[in-house]
Amino acid sequence: MTGLKRLLVILISGSLCFLLQLLVLPRVDFLIALPNLILILVMSTGFLFGKAYGLFVGFVSGLILDVIGTGTPGFQALILMLLGYADGFLSEKMESEIIPVLFLILLANELVFHVYLYVFSFLVGGRFSLFPYLTEVFVPEILLTLLVFLPIYGLLLFVSKRWELRINKGEVKVV
Amino acid sequence: MTVFSAIKAFFINHIVSRIHARVVLVILSAVCVFSILFHYFTRDDSISIATVLGVIVVPFQEGANEVGSFLFRSDQNRLSLKEAKERVAELEEENLQLRMKLQDANDAVIENEELRALLRAKNRLSEYEMQEAKIIGSDGVNCFNRFTINKGTMDGVRVDMNVINSDGLVGIVTSVGLNYAVVTAIIEDNTSVSAMTRHGHHNCIATGDLSGSGSGIMLLSNALADFDETKDNAIVTSSISDKYLPGLLLGYAENVVLNPDQLTKSGTIRTAVDFNRLQEVLVITTMKEKLQETEAEK
């Protein structure tokens with residue numbers, strides 16, 4: 001039953017994140033960049049439900065991004081899957097969750113994701129220049145992502161505590 | 001019921017409990033790497049996982065896009081009654097003037113057709129076959145200027161077809177599925193279009209640039225020293241391009257300065273198309289290669 005409930009939570013939050021990321025946020029004029037909600041989703045599921053779920057969510061959402069976006073099936077699926085697995089792995093090792101540490105891990109996630117994107121887009125032929133990539137893409141996205149991380153993670157945490165879906169029974173500390 | 005629970009118990013005890021996340025990770029990673037390499041080496045977009053998934057995803061995207069459009073209507077739908085009435089009055093007056101102009105234009109068209117028959121002028125926009133398409137999704141990544149449209153191979157869309165809207169050139173189809181196609185905009189970082197000025201036929205190169213893509217700015221380079229933006233600043237696609245049809249409007253040249261080598265000029269181009277407000281586009285189903293072939297036959 002826990003598995004079913006987890007899948008339900010993932011399905012609902014996943015479709016909301018995709019709806020926001022692909023349809024609503026690109027239409028908001030004053031946003032200079034998009035926060036990476038998908039990465040937050042992958043990291044949250046990895047953290048709350050363990051590495052198997054992180055892997056699953058990362059793979060599926062990466063595949064969806066590939067289909068409608070960059071066109072190479074497996075390109076983003078691979079990195080998001082690895083990140084989800086790694087987050088789940090970390091979560092199982094950690095005794096308790098401390099919010100600043102979560103932010104650091106999110107930052108590391110973003111860093112890995114963008115280095116991967118940058119390096120492989122570079123190798124596969126679309127030559128980005130590094131400095132504009134940093135100022136136009138990386139920094140705005142990271143700031144916005146950090147900003148929206150807590151509400152999304154908090155909501156998922158609340159739901160999974162309520163239904164006792166969490167894999168890690170450690171306490172969440174603010175500092 | 002007992003049969004069902006027995007099957008369930010068997011499934012859980014013998015299959016689920018033996019699948020380790022690590023094994024799944026390795027298998028899926030291998031699948032991804034294989035898929036990426038396959039895609040990289042073959043560049044074959046016609047039959048792929050993306051096509052199969054596209055058939056499932058695209059109808060959802062189209063529906064969701066309608067919802068999105070409803071929530072975030074463009075500004076013109078929020079006019080007040082007074083503004084709307086003023087607008088109607090303006091338009092009626094304009095309509096009258098346009099009707100008169102139309103009369104003149106009709107005469108000009110007849111004359112033009114006669115002249116064109118004489119000159120055998122080809123490659124005019126009105127001669128291309130087009131296919132209307134709606135934009136149903138962006139790629140959701142900050143660093144790519146790509147978007148998905150709701151027409152695919154079923155509607156005759158192919159890779160390398162030019163995409164325009166009423167303002168000018170939007171981009172080029174880079175991958176295509178059964179019922180969708182991915183268009184790469186001309187402002188995508190490091191994609192180049194060989195271009196020329198509309199009247200003077202000065203050749204130059206227009207390149208997309210990440211730092212200007214948000215505001216619709218491209219880089220202009222390799223223009224000769226006698227290029228004069230004050231006389232002729234409309235930049236169109238050049239006839240020497242191998243993918244783009246000639247004469248499609250790219251934008252207007254700005255801030256053109258002489259390079260230190262004193263031979264060439266470079267500057268920026270403000271694109272004619274507003275990439276932040278794209279809704280509907282036209283795919284030109286006439287392709288450059290085909291055009292050259294038919295010309296060669298003649």
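Colleague: Over how many bridges do S10(B) and strand S11 (residues 264-271) of chain B pair?
Modeller: This is a predicted model, where local features need pLDDT of at least 70 and side-chain atom pairs count only at pLDDT 80 or more. Residues are numbered from 1 along each chain as its sequence is written. Strands are DSSP runs of E with at least two residues, numbered from the N terminus, and two strands pair if DSSP finds at least two bridges between them. S10(B) and S11(B) run in the antiparallel sense, and the number of bridges is 6.

Colleague: Which residue in the turn of the hairpin of S10(B) and S11(B) has a positive phi?
Modeller: The hairpin has 5 residues between its strands. The phi in question is about 65°, and the residue is Gln262(B).

Colleague: Which residue in S10(B) stands opposite Ala234(B)?
Modeller: Strand S9 (residues 234-237) of chain B runs antiparallel to strand S10 (residues 249-258) of chain B, with 3 bridges. Opposite Ala234(B) stands Tyr252(B).

Colleague: Is Ser61(A) buried or exposed?
Modeller: Ser61(A) lies in helix H3 (residues 51-68) of chain A. Buried means under 20% relative accessible area, exposed over 50%, partly exposed in between (1.4 Å probe, protein chains only). Ser61(A) has 2%, so Ser61(A) is buried.

Colleague: Which residues is Ser61(A) in contact with, leaving aside neighbours within four places in sequence?
Modeller: Contact means heavy atoms within 4.5 Å. With those neighbours left aside, the residues are Phe18(A), Ile38(A), Val42(A) and Leu80(A).

Terms used:
Chains are lettered from A and ligands numbered from 1 in the order in which they are written. Side-chain values use heavy atoms; hydrogens and water are left out. Helices (H or I, at least four residues) and strands (E, at least two) are DSSP runs, numbered from the N terminus.
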